[in-house]
Amino acid sequence: MILIGEGIHVISKEINHAIQTRNPEPIQKLARLQEEAGADYLDLNLGPLSKNPVETIQWVIGAVQEVVNIPVSLDTPNPLAMEAGLQICKNPPLINSANCGQASKETIFPLAQKYSADLIVLTYSDDEMPTDADGRAALVIDMLEYANNLDIPNEKIWVDAVLMPICFNQPQVQAYLEFVKMFEDVAPGARTITGLSNISSCGVPVELRGLLNRALYVILNRYGHSALIADVLDQDLMRLNRGELPELVELIHKAEDGEDIDYQALSKLELDYVKTVDVLLGRKMYSHSWLEA
């Protein structure tokens, strides 16, 4: 699966301060670490860039491109900043992101066509943000028609169906997976992308986030999911992506399928993964103490 490193974002106080003071070192350190870990892209989450958008995005991209060779994902809703960033990328970038609303279609989609850039599109519009598979599919079908009319082929579109934190809305996880399973029929040639850490954000204890992220990775990967924006510094996640943990993958698949499992033969960590799958699939109610149940 394609993995996009999530580490460089303005929510981080260190990164925000580095941008404000034009100190490239913290940004470049994270860029190097993520490239060395195996990231395919680096997400540069710069927010709305309401002040000095052109100079700021170009400075950040320049700092990153000085030390790594992998492409970047330009993560800002500001079309002025987005175009300024697209103009100086050495490798073909991702536009992260557009949505199905009219303003986004009029400002961000044309940039994808102009610069022949791949485009991440979120499944919400001016009027709705569906959480069921059919509602997401309907938005995607309409969006692809619009994109195709701009000569943006399906192969240039990466659909982000907006995964919500499990502690905020547990049932939506199953609806999300249902959409992933049907995606190839809905949008042939297009790709799926998920912000993997979303599942474990908003209050999940830090020490438990990796379990949720990795278990969901295995489930998504089973259904041909294309890409993730994720913590590429999670060594076990990267081992999973390199195919180095086949026994864990097999166990998670068995748990997902409801097969009989000899719980007495499992290690504590293996049992934790089985419990985590049950929570992701809604078989057990989510709580911060789900491993104790």
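This section describes the aromatic ring pairs and the charges over rings in a predicted model. Residues are numbered from 1 along each chain as its sequence is written, and side-chain values use heavy atoms, without hydrogens or water. Local features need pLDDT of at least 70 and side-chain atom pairs count only at pLDDT 80 or more, whereas totals for chains, interfaces and linings use all residues.

Rings of Phe, Tyr and Trp (its six-membered ring) were taken as a pair if their centres lie within 6.5 Å, with planes under 30 degrees apart counted as stacked, over 60 as edge-to-face and the rest as tilted. By this rule there are 4 aromatic pairs. In one of them, the ring centres of F109 and Y146 are 5.7 Å apart and the planes stand at 90°, so the pair is edge-to-face. Because F109 belongs to helix α6 (residues 109-115) and Y146 to helix α7 (residues 133-149), the pair ties together parts 37 residues apart in sequence. Helices are DSSP runs (H or I, at least four residues), numbered from the N terminus. F109 is buried, at a relative accessible area of 0%, and Y146 is partly exposed, at 25%; buried means under 20%, exposed over 50% and partly exposed in between (1.4 Å probe, protein chains only).

The rings of F179 and F183 also form an edge-to-face pair, with centres 5.7 Å apart and planes at 70°. Both residues lie in helix α8 (residues 172-186), 4 residues apart, about one turn of the helix, and both are buried.

A charge was assigned to a ring if NZ of Lys or CZ of Arg is within 6 Å of the ring centre and within 35 degrees of the ring normal. The charged end of K105 sits over the ring of Y146, 5.1 Å from its centre. R22 lies over the face of W59, 5.4 Å from the ring centre.

Methods
Helices (H or I, at least four residues) and strands (E, at least two) are DSSP runs, numbered from the N terminus.
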